[in-house]
Amino acid sequence: MTIEFVGPASLAADGGVIYIARLDGKEVQCHFSYEALEDIDPETVFGDALEHFSKHQLMLLSAAEKKLLKGLTHNGQLQINSSDLTLE
């Protein structure tokens with residue numbers, strides 16, 4: 001299984017962030033919920049979603065990678081929520 005995060009980050013309609021990945025050459029839209037962006041760093045005042053995503057990109061993409069490896073995509077999309085941010 002080959003995973004490549006290609007981006008770019010863009011604002012989703014719900015205030016979250018969409019980031020494009022390629023899974024075995026096929027495009028997957030990784031959707032990071034607004035709540036996940038808030039919860040990734042609860043001590044920081046949440047402002048611009050894209051800026052917050054950029055600041056925590058490594059941790060957020062790591063959570064997406066774990067879900068991609070588990071095969072949790074649906075119709076070319078992957079949802080990353082607050083519950084996906086727990087350290088395992």
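Biologist: Which residues does isoleucine 3 touch, not counting residues up to four places away in sequence?

Modeller: Isoleucine 3 touches Arg22, Leu23, Glu65, Leu68 and Leu69, where contact means heavy atoms within 4.5 Å. This is a predicted model, in which local features need pLDDT of at least 70 and side-chain atom pairs count only at pLDDT 80 or more, while totals for chains, interfaces and linings use all residues. Residues are numbered from 1 along each chain as its sequence is written, and side-chain values use heavy atoms, with hydrogens and water left out.

Biologist: Why is isoleucine 3 called partly exposed?

Modeller: Buried means under 20% relative accessible area and exposed means over 50%, with partly exposed in between, using a 1.4 Å probe and protein chains only. Isoleucine 3 has 22% relative accessibility, and therefore it counts as partly exposed. It lies in strand β1, residues 3–11, and although isoleucine 3 and leucine 69 are 66 residues apart in sequence, their C-alpha atoms are 8.5 Å apart in space.

Biologist: What makes histidine 56 buried, and where is it found?

Modeller: Histidine 56 has a relative accessible area of 11%, so it is called buried. It is found in the loop between α2 and α3, and, leaving out residues up to four places away in sequence, it touches Ile40 and Asp41.

Biologist: Is arginine 22 buried or partly exposed?

Modeller: Arginine 22 counts as partly exposed, because its relative accessibility is 34%. This residue is in strand β2, and its contacts, not counting residues up to four places away in sequence, are Thr2, Ile3, Glu4, Val6 and Glu27.

Biologist: Why is asparagine 75 called exposed, and what is its phi?

Modeller: With a relative accessible area of 72%, asparagine 75 is called exposed because of that value. Its phi is near 55°, a positive value in a residue other than glycine, and its place is the loop between α3 and β4.

Biologist: How many helices and strands does the protein have, and in what order do they run?

Modeller: There are three helices and four strands, and from the N terminus on they run β-β-β-α-α-α-β. Helices (H or I, at least four residues) and strands (E, at least two) are DSSP runs, numbered from the N terminus.

Biologist: Which residues touch the most other members of the largest nonpolar core?

Modeller: Of the 20 residues in this core, Cys30, Phe32, Phe53 and Ile80 touch the most other members. At least two residues of the core come from each of β2 (17–23), β3 (26–32), α1 (34–39), α2 (49–55), α3 (57–69) and β4 (77–80), and the largest share, five residues, comes from α3. A nonpolar core is a set of buried Ala, Val, Leu, Ile, Met, Phe, Trp, Tyr and Cys residues joined through side-chain atoms within 4.5 Å. Leaving aside neighbours within four places in sequence, phenylalanine 32 is in contact with residues including Leu37, Phe53, Leu60 and Ile80.

Biologist: How do you know that the radius of gyration of the protein agrees with that of a compact globule?

Modeller: The radius of gyration is taken over C-alpha atoms, and the globule rule is 2.2 Å times the number of residues to the power 0.38. With 88 residues, a compact globule would have a radius near 12 Å, and the protein has 12 Å, so the values agree. The C-alpha trace spans about 35 × 30 × 20 Å along its principal axes, and buried residues make up 39% of the 88 residues.
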